[in-house]
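Here are a few exercises to work through with the model open beside you. Try each task before you read its solution.

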Amino acid sequence: MGKLDQRNNGYGPNGNGGAAREEMLTLEVNAAAVEALSDYYDEPAWMRAARRDAWALYERMDWPHTKEEAWRRLPLARYPLANRQIAVAPKPLHALRALPACWLSPLAPQTQVSGIVVHQNGAVVYQDIEAQVAKQGIVVMDLHAALRTHGDLIRQYWMQGSITRPDFNKFTALNAALWHGGTFVYVPEGARTLRPLQAMVGYDDQGSTGLHHTLIVVEKGARLTLIQDRRSLEFLPELSSEIVEIYADEGAWVRYASLQHWGEQRHSVSVQNARLARDAHLLWVNVALGGQITKDFLRTDLLAPGARGVMQGLAFATREQIIDQSTYQLHQAPDTHSDLLFRNVLRDQAKTVFYGMIRVDPGAQGTQGYQANNNLLLGKARAHAIPGLEIAANDVRCSHGATVSRLDEEQLFYLQARGIARYDAEQLLVQGFLRPIIERVPLACMRDGLDEEIAQRFRGPSASAQ
Amino acid sequence: MAQTLEIRDLRVRVEGKEILKGVTLTVRPGETHALMGPNGSGKSTLSYTLMGHPKYEVVDGDILLNGESLLELSPDERARRGLFLAMQYPVSVPGVTLYTFLRTAASAMRGYGETARRNGDQRLHAHLIPAREFRQEVNAEISKLKMDQTFLNRYLNEGFSGGEKKRAEILQMALLKPRIAILDETDSGLDIDALRIVSEGVNHLQTELGMGLLVITHYQRLLNYIHPEHVHIFYNGRVVHSAGPELGEKLEAQGYDWVQAEFGV
């Protein structure tokens, strides 16, 4: 990685740490785009081959059908799938201050994080890491650039997940073939950051498909806290197909806070997969607030004894928003432990879908798997909750449960009896409902920011701009 | 400003059934009234109705605070006029810490939200009492009640023991500084030490605020600590007899059986 300055990642603050080239690239979604992207990023041969294979799959596969359980309640027909373009608009690295305010303000202050990478329209616009952290070999950086610095490592892990594979569905094939813009986080054996790393994925150009790819590798005994946020601004319906791969090696400890603040017209599919080796621990907090229609596949695979995965999620859907999430907890080995809590608040005509599955493989004895989904309805919204269990071992402790409810009148009366106006009391209860998830988000400033957003979403108008 | 609570011939239905059958009672500033009655006599219906619980339907009569009817007011408006109900069964509110709740409530009672709205102040905490100021105030009150400060970080009433819940009610009373306080079976679930601490808290507040106090109880026990000037027997949805403190002792000694015989109800 070369010599490091006090606070940068080997790329000068005015250099371009992202794209290999600086010209703008606009492509139709077709086979030629595969070659054009590989050329543009000057990729190793294996990545070019992987993109070609994925493109062949993409061409062979159909878009998911509503007959498939995971897609049954999602109006995929409303996704802007036809005539897609992709665009790469690299910019020189800026001072952090020069970023658009709407992306800058949600970032944690730099003194509270150890490293940061910010993407705008598929290219890195800011990247920085503390020297002390970089010395341990820890990186948070542009995935394209990482292909040159950590190529062999990336190749070893590339799309090896159970759902983060090119052939999982046509969306993952599209991402595998034409991904551009990516977050690479690597924590080598035994290394750890005291403060979180932070990544921002933002789009504000028009007519371009978001195909971000995140690869997180945490080696043996290493520790990572990562906050990844997503923001966008669009004027027409836009499409995102995103992949997040997390690999936690033996005894690794990973906390991943995944925030989704897509703009009002973004139609997104994300496929996110954490793979845990022996004694690895994962705390995954998923916050879904934005987007027009969101479909998330969130899966934790517990591959070896002692692996432990906690998944917590919150969604707050307003107006016509649809947030549809399929979660999966795979217990492949004995003595593994998973615990999932997803809470959704819905108002106006919004819709959420929770489709959860705990799978215990034969031989995965001594497993504990828990799953709970609670939905709080305000207004005429609809919440679908479909929890599931598939257990092929006999010595297990598993439970699942789902609830759909409205605000509790006795609680409201109690708060009102203390002088709190009904509307404010309702807001307190909504915030309280989501509090157990907010509490798992790293950094007080991030928690306060989310609390404020939830208050705003509760108080926001139902028919005008958010 | 001290206030008088006046209950006039109050009749209340719950789910179509008449529970209060003409209750008349006046509590003046600084007075302490005990309302004693057997289970099922309608004592809790009275307290919930005074506070404006939507389940209770007032079919006749009136509730006046300083001459103004409360009947059309929501529970929060009643609270802001100075009425406080220490509940028999405080509900738990998971996710809302006691501290957040107290700060929100005290701020609402003291008009912080109104001021912020009037000034168009959009800042996140503009409707709340400044954190440092409130933290000092709450710490002072919590130590008087011999409660641990860690309580403030716990979710409201969630996993509180019976005694802890009642102390938390009195803590709220101390911070919200009502003019008229109703204690609904506050003694239930309290051991003798807690009973003493809670009673001292109530007595102190009454002296400090000059508030009128309506103590609803089944037993004389609490009245050994909070001394009422007036004791009323509540039976079958009405006040059937009123007298001085000696009446409480008589009820304690003889139970409620004689009430039926003597008052023919």
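**Exercise 1: a residue in a strand**

A:Asn374 is buried, because 20 other C-beta atoms lie within 10 Å (buried takes 20 or more other C-beta atoms within 10 Å of the residue's own, exposed takes 12 or fewer, partly exposed is in between, and C-beta atoms are placed from the backbone). This is a predicted model, where local features need pLDDT of at least 70 and side-chain atom pairs count only at pLDDT 80 or more, while totals for chains, interfaces and linings use all residues. Residues are numbered from 1 along each chain as its sequence is written, and chains are lettered from A and ligands numbered from 1 in the order in which they are written.

Task: find which strand holds A:Asn374 and what A:Asn374 touches.

Solution:
- Step one: A:Asn374 lies in strand β19 (residues 367–377) of chain A. Helices (H or I, at least four residues) and strands (E, at least two) are DSSP runs, numbered from the N terminus.
- Step two: skip residues up to four places away in sequence, and A:Asn374 touches A:Arg343 and A:Thr403. Contact here is two C-beta atoms, placed from the backbone, within 7 Å.
- Step three: A:Phe433 is 59 residues away from A:Asn374 in sequence, with 9.1 Å from C-alpha to C-alpha.

**Exercise 2: a residue in a loop**

Task: is A:Glu250 buried or partly exposed, and where does A:Glu250 sit?

Solution:
- Step one: look in the loop between β10 (238–248) and β11 (253–261) of chain A, and you'll find A:Glu250.
- Step two: A:Glu250 counts as partly exposed, because it has 17 C-beta neighbours inside 10 Å.
- Step three: leaving aside neighbours within four places in sequence, the contacts of A:Glu250 are A:Lys220, A:Ala277, A:Arg278, A:Asp279 and A:Ala280.
- Step four: go 36 residues along the chain to A:Asn286, and the C-alpha atoms of the pair are separated by 23 Å.

**Exercise 3: where the chains meet**

Task: how many residues of chain A are in contact with chain B, and what classes are they?

Solution:
- Step one: 19 residues of chain A are in contact with 21 of chain B.
- Step two: on the chain A side, α8 (409–416) and α9 are the elements that give two or more residues.
- Step three: α9(A) has the largest share of that side, eight residues.
- Step four: sort the chain A side by class and you get eight nonpolar, five polar and six charged residues. Nonpolar covers Ala, Val, Leu, Ile, Met, Phe, Trp, Tyr, Cys and Pro; charged covers Asp, Glu, Lys and Arg; the others, Gly among them, are polar.

**Exercise 4: a helix pair in chain B**

Task: how do α6 (residues 162–176) and α7 (residues 192–209) of chain B cross?

Solution:
- Step one: their axes come within 10 Å and cross at roughly 10°. Axes are lines fitted to C-alpha atoms, for helices over the stretch in contact, and angles run from 0 to 180 degrees between N-to-C directions.
- Step two: α6(B) and α7(B) are therefore roughly parallel to each other (angles under 35 degrees count as roughly parallel).
- Step three: the residues making this contact include B:Ile170 and B:Met173 of α6(B), and B:Val198 and B:Leu205 of α7(B).
- Step four: by class, the contact has seven nonpolar, two polar and two charged residues.

Key: Angles under 35 degrees count as roughly parallel, over 145 as roughly antiparallel, 65 to 115 as roughly perpendicular and the rest as oblique.
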